[in-house]
Amino acid sequence: MTPNDATATTAAPAPVTSADGREPILRARRLVKTYGRVVGLDGASLELYPGEVLAVIGDNGAGKSTLIKCLTGAEIPDEGEIWLEGRPVHFKRPQDARAAGIETVYQGLAVSPALDIASNLFLGREVRRKGVLGSVFRMVDQKGMRQRARDELNALGISTLQDVTVAVENLSGGQRQAVAVARAAAFGSKVVVLDEPTAALGVRESNQVLELIMSLRDRGIPVILISHNMPHVFEVADRIHVQRLGKRAATITPQSHSMTDAVAIMTGASAG
Ligand SMILES: Nc1ncnc2c1ncn2[C@@H]1O[C@H](COP(=O)(O)OP(=O)(O)O)[C@@H](O)[C@H]1O
Ligand SMILES: [Mg+2]
């Protein structure tokens, strides 16, 4: 901790506005999270502004996952504050963050393979049929859900998923990822968090997911993208949060820094 940090802990949050005066939609200040003697986060701060893709990069063990878990309710920080749209939030579980509008696509567990595309999009929030069929017999409005699924996929420009009645197990890795991202974007979410969405994908499929990320941004949904892939990060990110040793080492942009610069900050060879 710097002396400055120590004196400011109880003060009101300093205004953190972007160059053009915007307020962050999501903000974390000096989060601390320890696991026994292991320090996961050591005073990590982060700001996500409306309409941007913020990449989070850092070496293994830098605290990227822990930071994201704290922002999405999967972990509760020991110290620090989180604000969503200027209001303090205290998520106890992932459902809390989700209910507040933060949707997360975790690596690996994104979809249910046996279910079709439409059912995956509505998983956990199925639309019931009107009247007693829905309220008493719990019948889902399959026709309505399928139409809404088509509309959502079209709105995101996802053209590779034509038939929403196809089981997800028959889709390619990239298409599955597209379903997971569409699901995250489909329910009026305020923030979408993607953990390594291109890690298991080939070049063409990765490009489709990157386009999807840009399409989310174009729809006004800010995205936090955790990725190890520097070219992908530099292709889609507006800003890049560099995490190192449990805290933010720097925030850079693809314009201000090269990939080599970014790696130097990640490894501590350069202060940024
Ligand atoms: N559940 C846990 N129990 C113990 N240590 C953990 C746990 N989760 C993370 N850590 C530790 O916290 C540090 C940060 O981990 P993590 O956030 O996963 O880093 P990253 O995602 O950047 O690789 C590492 O030292 C890691 O071993
Ligand atoms: Mg991780």
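Start by selecting Thr 165, which sits in the loop between helix H6 and helix H7 (173–185); helices here are DSSP runs of H or I with at least four residues, strands are E runs of at least two, and both are numbered from the N terminus. Is Thr 165 buried or exposed? Thr 165 counts as exposed because it has 11 C-beta neighbours inside 10 Å. The cut-offs are 20 or more other C-beta atoms within 10 Å for buried, 12 or fewer for exposed, and partly exposed in between, with C-beta atoms placed from the backbone.

This is a predicted model, in which local features need pLDDT of at least 70, side-chain atom pairs count only at pLDDT 80 or more, and totals for chains, interfaces and linings use all residues. Residues are numbered from 1 along each chain as its sequence is written, while chains are lettered from A and ligands numbered from 1 in the order in which they are written.

Next, show Asp 116, Ala 118 and Arg 146: leaving aside neighbours within four places in sequence, these are in contact with Thr 165 (C-beta atoms, placed from the backbone, within 7 Å).

Now select helix H6, residues 142–155. Its 14 residues reach 20 Å from first C-alpha to last, close to the 20 Å expected (1.5 Å times one less than the number of residues). After H6, click on Gly 157, whose phi is positive, near 70°.

Finally, go to ligand 1. Among the residues surrounding ligand 1 are Tyr 35, Asn 60 and Lys 64 (each with its C-beta atom, placed from the backbone, within 6 Å). Which element gives the most to this shell? Helix H2 does, with three residues.

How values were computed
Two residues are in contact if their C-beta atoms, placed from the backbone, lie within 7 Å.
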